[in-house]
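Please read the points below with the sequence and the model open beside them. They are arranged by topic for a reader new to structural description.

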Amino acid sequence: MRQVETFNVNDPEFLRLFEMSFPPEEKIPPMNLRRTFGKGGHLTYYYDEGIFIGFTYCFVCLDTVFLVYIATRPELRNRGYGKEILEAVEDRYNKMNLFLVVEAVEGEGQQREIRSRRRNFYRRNGWRDTGIRLLSDGCYFDSMYYGSSVDADIMDATIRHYENIHNGRY
């Protein structure tokens with residue numbers, strides 16, 4: 001799998017996958033993501049034999065990495081690409097504190113099932129629940145980490161810094 005770090009938030013494949021992969025309340029406008037480039041934001045596209053597989057968007061602050069988005073094309077899911085992409089992130093930032101946020105597994109029906117599957121995907125790949133709920137862009141999320149545990153104050157400070165930059169307050 002080939003990785004390409006990019007500043008292109010206008011790529012049609014990226015935009016299509018971004019739109020279909022996240023609920024409206026979790027989507028940061030791509031132009032806001034662009035504000036973070038060169039200030040901690042890293043958008044990476046992943047390809048297999050020239051075919052766009054998915055992307056990650058990470059925000060790096062000092063020695064902490066906030067994995068904000070990870071997505072694979074729906075028709076290519078359950079083929080190991082998500083695991084490969086997650087391993088690429090873990091390898092790239094292996095000396096740093098890694099964390100992400102996931103929706104709480106609450107409610108009923110399809111949304112609950114999707115949220116539970118997402119959380120289990122991370123757990124199967126070595127991520128652990130922190131037991132800490134964090135506020136990000138007006139929504140509360142549960143947090144998970146990979147490797148060494150990440151302090152709640154550090155996660156919160158990283159998210160605040162990320163929000164200040166992408167919202168144009170920095």
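**Notes on the predicted model**

1. In helix H1, which spans residues 12-21, the buried residues are Phe 14, Leu 17, Phe 18 and Ser 21. Buried means under 20% relative accessible area, exposed over 50%, and partly exposed in between (1.4 Å probe, protein chains only). These residues lie on the same side of H1 because they cover an arc of only 100° around the axis, the arc being that of the directions from the helix axis to the C-beta atoms. Helices (H or I, at least four residues) and strands (E, at least two) are DSSP runs, numbered from the N terminus.

2. This is a predicted model, in which local features need pLDDT of at least 70 and side-chain atom pairs count only at pLDDT 80 or more, while totals for chains, interfaces and linings use all residues. Residues are numbered from 1 along each chain as its sequence is written, and side-chain values use heavy atoms, with hydrogens and water left out.

3. At the start of H1, the backbone nitrogen of Glu 13 has a side-chain oxygen of Asp 11 within 2.9 Å.

4. How many disulfides does the structure hold? There are zero, a disulfide being a pair of cysteine sulfur atoms within 2.5 Å. For Cys 58, the nearest cysteine sulfur is that of Cys 61, 13 Å away. Cys 58 is buried, with a relative accessible area of 2%. Cys 139 is likewise in no disulfide, and its nearest cysteine sulfur, that of Cys 58, is 20 Å away. Cys 139 is buried at a relative accessible area of 18%.

5. The residues lining the largest pocket divide into 20 nonpolar, nine polar and twelve charged. Here Ala, Val, Leu, Ile, Met, Phe, Trp, Tyr, Cys and Pro count as nonpolar, Asp, Glu, Lys and Arg as charged, and the others, Gly among them, as polar. H4 (109-124) is one of the elements that each supply at least two lining residues, and the largest share, nine residues, comes from H4.

6. Most residues other than glycine have a negative phi. Glu 49, although not a glycine, has a positive phi of about 50°. Glu 49 is found in the loop between strand E2 (41-48) and strand E3 (51-61), and is exposed, with a relative accessible area of 79%. Asp 137, also a residue other than glycine, has a positive phi near 50°. Asp 137 lies in the loop between strand E6 (128-136) and strand E7 (139-146), and counts as partly exposed at 28% relative accessibility.

Methods:
Polar contact = N/O pair within 3.5 Å; in protein donor to acceptor, adjacent residues only side chain to side chain.
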